[in-house]
Each structure stands twice: as structure tokens, then as C-alpha cells.
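This briefing describes the structure shown below.

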Amino acid sequence: MNTHRNEILGVLLATLALFLTASFLTYDPTESPGGLSTEIASGNIMGIFGIYASYYLMKFTLGWGTFMLPMILGLLSYVSFTRKDFRDYLRISFYIIAFALWFSILIAHVGIVQNAWWQAEFGGYVGYVLAFFLRDMVGIYAFSFLMAVSIILLFSSIFRLSLYDTLLKLLNALTSKWVAFQEKRR
């Protein structure tokens, strides 16, 4: 009985992930869900559901970073359908969320720098507020440095790379290139 329930949950989560992906892909920032009829909702492939889902999830959370939500739902669907232990996939879900947040902040930052109309739209309100807060707290140069360091740390954690070993290999490669260049000049 429990395995049957897990399979049903897996299929439902996969369906929701597909619906949200279709809604997000056809999202129009100018559409507001208030008082929509079915004729107006024809712009979003998922109809009124798509307009509501994409409007509230994209605008009020992580903007384009919200595309990671269907990925997480797809992962949960896979875990549930195949009866795997969720704790094994918790790390992957955390990294997907962390990247979505980083991406949302980056998009909002680009919008703020360009003073674009979409600065709070494409990055979402969460990304916009965090970008604005961090920029005001540490300044634009420290913010840029912080964003670069955070993506490096995120990718080194995802791929379980040692930063020290990578930097040591890079230093050795640069040193050998420099020595070869010096010898070639002589």
C-alpha cells in the first residue's frame, strides 16, 4: 500500500513540475491574475492556473531562479516514485535552492545596475531585496566579490573539489609555463 502511494505521489509531483515549467516558460510579466477571463489567459499555455502560478511564484519569490522549483519537484518525484531515501537527495536539493537564490540575486543586481524596469521583476522580490540589501551593506565592489566567491564555493561544494588542491595545480601549471617561457626567451 505504501509503495503504491509513493508511486502516485511521484506521478503527481512530476505532473506538477511539468505544469509549472510550462507556466514559467510562457510567463508574461505584464499579465496580472486579477479578474482574468479565459480569453485573456490564452497567453499562458497553462491558462489561468499558469498565470497565477507564474505570477506569484516568479514575481514574489526568486524570479527566473524559480525555474529551479520544477527541478526540485522532479527530483522529489523521482525519489518518491523509485522509493529511494530522500536523505540521499537532500544535498542536491539544497544546492539547487542555493543556486536559484544566487541566480535571482545576480539578475536583480544586473537590473539595479542598468536601472531597468525589470530589476524587481526578473530577479523576483526576494532576489531584489537581497541584492539591494547586500549592495547597500557592503558596497558594489565587495558585493561583486562576494557573489564571485559564493559561486566558486557553491560549485566547489557541488563537485566536491578541493580549492587548495585546485589552486596548487593551477600555480604549478603557471609556474611551469613561466619557466618554459623564460627558457624560450633565452
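The points that follow are grouped by topic.

This is a predicted model, in which local features need pLDDT of at least 70, side-chain atom pairs count only at pLDDT 80 or more, and totals for chains, interfaces and linings use all residues. Residues are numbered from 1 along each chain as its sequence is written, and side-chain values use heavy atoms, with hydrogens and water left out.

**Helix α1 and its packing**

- Helix α1 (residues 2-25) contains 24 residues; helices are DSSP runs (H or I, at least four residues), numbered from the N terminus.
- From first to last C-alpha, α1 reaches 34 Å, close to the expected 34 Å (1.5 Å times one less than its number of residues).
- Buried residues of α1 include Gly-10, Leu-13, Ala-17 and Leu-20; buried means under 20% relative accessible area, exposed over 50% and partly exposed in between, with a 1.4 Å probe and protein chains only.
- The buried residues of α1 pack against α2 (47-62) and α3 (68-81).
- The axes of α1 and α2 lie 9 Å apart at an angle of about 80°; axes are lines fitted to C-alpha atoms over the stretch in contact, and angles run from 0 to 180 degrees between N-to-C directions.
- The two helices α1 and α2 are therefore roughly perpendicular (65 to 115 degrees).
- In this contact (heavy atoms within 4.5 Å), Leu-16, Phe-19, Leu-20, Ser-23 and Phe-24 of α1 meet residues of α2 including Phe-49, Ala-53 and Leu-57.
- The residues of the contact of α1 with α2 comprise eight nonpolar, three polar and no charged; Ala, Val, Leu, Ile, Met, Phe, Trp, Tyr, Cys and Pro count as nonpolar, Asp, Glu, Lys and Arg as charged, and the others, Gly among them, as polar.

**Nonpolar cores**

- The largest nonpolar core has 10 residues, among them Tyr-95, Trp-102, Ala-108, Phe-143 and Leu-154; such a core is a set of buried Ala, Val, Leu, Ile, Met, Phe, Trp, Tyr and Cys residues joined through side-chain atoms within 4.5 Å.
- Helices α4 (90-114) and α6 (140-158) each supply at least two residues of this core, and α4 gives the most, with five.
- A second, separate core of eight residues includes Leu-13, Tyr-27, Ala-53 and Leu-73.

**Positive phi angles**

- Most residues other than glycine have a negative phi.
- Asn-115, although not a glycine, has a positive phi of about 50°, and its place is in the loop between α4 and α5 (124-138).
- Asn-115 counts as exposed, at 62% relative accessibility.
- Arg-160 also has a positive phi of about 50°, and its place is in the loop between α6 and α7 (163-185).

Methods. Parallel < 35°, antiparallel > 145°, perpendicular 65-115°, else oblique.
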